[in-house]
Structure formats: structure tokens, C-alpha cells
Amino acid sequence: MLSRKGIIPEEYVLTRLAEDVPDHARYRARERRARFVGKNGACNVAHKNIREQGRFLQDVFTTLVDLKWPHTLLIFTMSFLCSWLLFGMVWWLIAFAHGDLDHSTRLQRDPGEGAAGASAGFVPCVTSIHSFTSAFLFSIEVQVTIGFGGRMVTEECPAAILVLIVQNIVGLVINAIMLGCIFMKTSQAHRRAETLIFSKHAVIALREGKLCFMLRVGDLRKSMIISATIRMQVVKKTASLEGEVVVPLNQIDIQMENPVGGNSIFLVSPLIIYHVIDKNSPLYDISPLNLHHHEDLEIIVILEGVVETTGITTQARTSYLADEILWGQRFVPIVAEEDGRYSVDYSKFGNTVKVPTPSCTARQLEEDKSIMDTMPLSPKGTIRKRSVKLKPRFTIS
């Protein structure tokens, strides 16, 4: 079986692929500021000192779904096993109280006819129960509705009929909860998010004469994400004007543009999502000198949509720190027209090329228009088109 590292290029990051981060990258990540959202989309927030733990038990189903697979399978197995043992004990007590387990008691009820007469005159609550093992087997037959036919409830004991009804209802409830929990864990929305990919780095370059923050997003599956929307937020530490209340995580929404327009995207092929850095942008005063690992800057990207095949809403997340933003570069084209259809080369998903870009902030670029006059224009990227030889439909003789 091929490893993920062998089939996934290093230029882009799967939203849930945390294990592919090399050890030296993890070591460098400890030296710089802590991330709010990891590259794999996981939120780097630890919840401590939660005193009201009982709130989790009020929503048992969600708690079971959020558990890890070993814990879920353990609870799944123990719920059935404990219910079988509990009702097996109840059936054994009913048989013991009625005298089904005492052979001498059955003989005393009809002593004149011997063993044959005792068998004919004595009616047990449940037939063929002689020990706790047989009572346990009968409990499994009742709850799982196997019905081997060797044991059955008689009309001799009303309590046995009541226990039969209760065990069937309890068994249906356990089946509904545990099977629903297993189904929800296997069809969780974040599994679909593993095939939604973001570029490993973001870039800042000129587009239409303005500095733009750009990233690339794509979908590896053929089944589409319906009503896909994407939004970005800047997370940084701020303080109030009074200097007393410190807001450690101030989230600022930033306006973005995409080829379709608005926040909705048609993710049939990889798209470059960009944000124009203007006076309303929190990146208005960012320059190449600020893009280092000590800078207090993190840009979170959130992609949401509805899975076409299941109808479940999914969300993919990633983030870019200051040193993961490349200044003066842009993404290379990866969509080409080949044999009458478009093909995407994912091996170049995160590749970038250097382009002429002023080494100043967007504020300085807006205030001093003469900076653009000294910038050489770079050739525009075009979609590569391979020539295809077409056979003539007719010939002239």
C-alpha cells in the first residue's frame, strides 16, 4: 500500500493531514507564536477547568459521536453485553422463584405419576432453562430475535411476559442509539473535508494594479460541494483603549474576491481566491519586513458547503502565519485544455513564480502613485492549450 507522502505533493496541504508535517517543521512551529487554527484545520484551543461536566451527559448521543473509535466500540460492545447479562439474571431469578430450576419441587407437585407425570403437570415460566447459562442464552435470543426454538415463554407467569416486553423495548432503544452513533461516526462531515485542499503558502502580489492577498483552493473529488462559500479572518492580539482589558484573539473579517464574485464559489476546478488590500483591509500596513515568524498575524480560511452525495454540511479550515505568506509571487497555471477537455495538474498546485512587486505597504502604494511607474509589467498567465490534430471529415478527389 502506497504511503500518503508518495502520492500527495508537498506543495499543498490536506485539511486533515496532520501526520505529514515533518519533524523539523513541528520543531520550528514551537519556536514561533502559537497558532489559533492548525494547517490541518484543527483548532489549537485547550479547554480546562470545566466544572459542569454533567452538561456532556445531557446530550449523550453527541458525546458518543465525539468519542474516539476505541471508546465508541467499547461502549457499543458493553451496552449489548451488559443488557444481555442483566436480563439473563432477571430470567434466572424468575425461573428460580417459580421453581423451574428445582427438580425435586417439580416431583413433589405430582408425586403419583413419577417423572413422566411431573413433566406433564408442571408448566415452567420459560421452557428449557436449567441454569444461568441457559437463561443468558435465552436473553440473547429475546433481544436479538434469533429464535432457535428450544426455549420459549409460557403463559404460566405474567411477570415473564412483562419482562419479555421490557427487554424488547430496551433492545430496540440500544440498537437505535448505538447503530445511529456508528453511522454518524462513519459519515462525519470532516471526512469529506480531507479532500478539500489549500495551498501550503499564500502570496501577496499585484493584481490590476493593487496589492492582493491570494491563496489557492481545490477539491480532489469529482462529486462537487454545493453552495460552497469561503471566508477569511485575521486573528491577532489587541488591547482596549483603556489599556486594561486585553483581547487575546481579535477576529476581523476581511473581504475577498474570487472569479465568480462574492463569497460563493463554483469549485469544479482549483480557484485562486484573493483579497484586495485597500484602506479597509487589516493588511493595509503589511510590508515584506513584517512577514517573519515573530509577527503577530494569522489569517484563517474557512470553506463551507454541502456534500453533493450525502447532503451533509462540511467545513474545511486552514491558516497562514506571517512567515507562510510569500511576498512578490503568484501561483502558476495548472489548468490546461487537452483533447477537448480541461485537465488539472495537481503536482503544481502550490508552485509559485516571482513577479515584480513593490516592497512597500498598500498604504504607501496608494499614497505614492509614482511607485507603479517604476515597476515593469509581467507577462500575463494564460491557459496552456495543446494542439490537437483533427482528422478531416471529407476529402476532395
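**Cores, helices and salt bridges in a predicted model**

Biologist: How many residues does the largest nonpolar core have?

Modeller: The residues with the most contacts (heavy atoms within 4.5 Å) inside the largest nonpolar core are Phe213, Leu215, Ile299, Leu303 and Ile325. A nonpolar core is a set of buried Ala, Val, Leu, Ile, Met, Phe, Trp, Tyr and Cys residues joined through side-chain atoms within 4.5 Å; buried means under 20% relative accessible area, exposed over 50% and partly exposed in between, with a 1.4 Å probe and protein chains only. The largest such core has 39 residues.

Biologist: Which element gives the largest share of this core?

Modeller: Helices (H or I, at least four residues) and strands (E, at least two) are DSSP runs, numbered from the N terminus. The largest share of this core amounts to 5 residues, and it comes from β5.

Biologist: What kind of model is this?

Modeller: Residues are numbered from 1 along each chain as its sequence is written, and side-chain values use heavy atoms, leaving out hydrogens and water. Local features need pLDDT of at least 70, side-chain atom pairs count only at pLDDT 80 or more, and totals for chains, interfaces and linings use all residues; this is a predicted model.

Biologist: How many helices and strands does the protein have?

Modeller: The protein has 397 residues, of which 36% count as buried. Among contacts with a separation of 6 or more, residues 24 or more positions apart account for 68%. The totals are 12 helices and 16 strands.

Biologist: Why does the distance between the end C-alpha atoms of helix α8 agree with its number of residues?

Modeller: The expected span of a helix is 1.5 Å times one less than its number of residues. Helix α8 covers residues 132-144, so its 13 residues should span 18 Å, and this agrees with the distance between its end C-alpha atoms, 18 Å.

Biologist: What covers the buried residues of α8?

Modeller: The buried residues in α8 are Ser134, Ala135, Phe136, Phe138, Ser139, Ile140, Glu141, Val142 and Gln143. Just after α8, threonine 145 takes a positive phi of about 55°. What covers the buried residues of the helix includes α5 (69-98) and α9 (158-186).

Biologist: Is phenylalanine 122 buried or exposed?

Modeller: Phenylalanine 122 lies in the loop between α7 (114-121) and α8. Its C-alpha atom is 8.9 Å from that of aspartate 100, and the two are 22 residues apart in sequence. With a relative accessible area of 8%, phenylalanine 122 is buried.

Biologist: How many residues apart are arginine 35 and glutamate 324, which meet in a salt bridge?

Modeller: A salt bridge is a side-chain nitrogen of Lys or Arg within 4 Å of a carboxyl oxygen of Asp or Glu; arginine 35 and glutamate 324 meet at 2.9 Å, N to O. Arginine 35 is in the loop between α2 (23-31) and α3 (54-58), and glutamate 324 is in the loop between β10 (313-321) and β11 (325-327). Both residues are buried. The pair links distant parts of the chain, the separation being 289 residues.

Biologist: Which residue forms a salt bridge with aspartate 285?

Modeller: The closest N and O atoms of the aspartate 285 bridge are 2.6 Å apart. The pair joins the loop between β8 (271-276) and β9 to helix α11 (residues 362-367), 78 residues apart. Aspartate 285 is partly exposed, with a relative accessible area of 43%. The partner is arginine 363.

Biologist: Which residue stands opposite glutamate 338 in β14?

Modeller: Two strands pair if DSSP finds at least two bridges between them; 4 bridges join β13 (residues 335-338) to β14 (residues 341-344), and the two run antiparallel. These strands form a hairpin with 2 residues between them, where aspartate 339 in the turn has a positive phi of about 55°. Opposite glutamate 338 stands arginine 341.
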